[in-house]
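Subject: Structure for your review

Dear colleague,

Please find below the structure that I am handing over to you.

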Amino acid sequence: MLDTATAGLLRAVLEEVCASISRYETGVRAHVAAKLLEAAIRGETMPDRLKQIGLEALRDAPTMWR
C-alpha cells in the first residue's frame, strides 16, 4: 500500500501527463496510471522520473486507446 503523499504525487503526475487527453479516454489513462503505480511500487518516487515514465507510457499506449 502506498502512503498518502506518494498516492497524491502519482495522481498529480497522472493529471499532468494526461492533460491533453480527454477524460473519456479511460483506457489510456488507466494504462498510464498502471505504469506509474508499477514504478512507485518499485520505489520510484522522484517526480521528474515519474513524469518521464508516464510520458513513455502515454506514447506507448496501444493505438486502439487513442
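The structure holds five salt bridges, a salt bridge being a side-chain nitrogen of Lys or Arg within 4 Å of a carboxyl oxygen of Asp or Glu. Before the details, two remarks on the basis of the account are in order. This is a predicted model, in which local features need pLDDT of at least 70 and side-chain atom pairs count only at pLDDT 80 or more, while totals for chains, interfaces and linings use all residues. Residues are numbered from 1 along each chain as its sequence is written, and side-chain values use heavy atoms, with hydrogens and water left out.

Salt bridges

Among the salt bridges is that of Arg 23 with Glu 15, whose side chains meet at 3.0 Å, N to O. Arg 23 is exposed, its relative accessible area being 55%, whereas Glu 15 is partly exposed at 30%. Here buried means under 20% relative accessible area, exposed over 50%, and partly exposed in between, with a 1.4 Å probe and protein chains only. Glu 15 and Arg 23 also belong, with Arg 29, to a network of salt bridges.

Another salt bridge joins the side chains of Lys 35 and Glu 38, at 3.9 Å from N to O. Both residues lie in helix α2, three residues apart, which is about one turn of the helix. Helices here are DSSP runs (H or I, at least four residues), numbered from the N terminus. Lys 35 counts as partly exposed at 33% relative accessibility, and Glu 38 counts as partly exposed at 39%.

Arg 59 forms a salt bridge with Asp 60, and their closest N and O atoms are 3.8 Å apart. Arg 59 is exposed, with a relative accessible area of 54%; Asp 60 likewise counts as exposed, at 52%.

Packing of α1 and α2

Two packed helices are described by the angle between their axes and the distance between the axes. Helix α1 (residues 4-17) packs with helix α2 (residues 26-41) at an angle of about 140°, and their axes are 10 Å apart. The axes are lines fitted to C-alpha atoms over the stretch in contact, and angles run from 0 to 180 degrees between N-to-C directions. α1 passes α2 in a right-handed crossing; a crossing is left-handed if the near helix is turned anticlockwise from the far one by less than a right angle, and right-handed if clockwise.

On the α1 side, the residues that meet α2 are Thr 6, Leu 10, Val 13, Leu 14, Glu 15 and Val 17; their counterparts in α2 are Arg 29, Val 32, Ala 33, Leu 36, Leu 37 and Ala 40. The residues of this contact divide into nine nonpolar, one polar and two charged. In these classes, Ala, Val, Leu, Ile, Met, Phe, Trp, Tyr, Cys and Pro count as nonpolar, Asp, Glu, Lys and Arg as charged, and the others, Gly among them, as polar.

Thr 6, in helix α1, counts as buried at 13% relative accessibility. Leaving aside neighbours within four places in sequence, Thr 6 is in contact (heavy atoms within 4.5 Å) with Ala 40 and Thr 45. Ala 33, in helix α2, is partly exposed, with a relative accessible area of 28%. Ala 33 and Glu 15 are 18 residues apart in sequence and 9.6 Å apart in space, C-alpha to C-alpha.

Packing of α2 and α3

α2 also packs with helix α3 (residues 47-60), at an angle of about 145° and with the axes 9 Å apart. The crossing of α2 and α3 is right-handed. Val 28, His 31, Val 32, Lys 35, Leu 36 and Ala 39 in α2 meet Leu 50, Ile 53, Gly 54, Ala 57, Leu 58 and Asp 60 in α3. By class, this contact has eight nonpolar, two polar and two charged residues.

The nonpolar core

A nonpolar core is a set of buried Ala, Val, Leu, Ile, Met, Phe, Trp, Tyr and Cys residues joined through side-chain atoms within 4.5 Å. The largest has 15 residues, and those with the most contacts inside it are Val 17, Val 32, Leu 36 and Leu 50. α1, α2 and α3 each supply at least two residues of this core, and α2 gives the most, with five. Leaving aside neighbours within four places in sequence, Val 32 is in contact with Leu 14, Val 17, Cys 18, Gly 54, Ala 57 and Leu 58.

Yours sincerely
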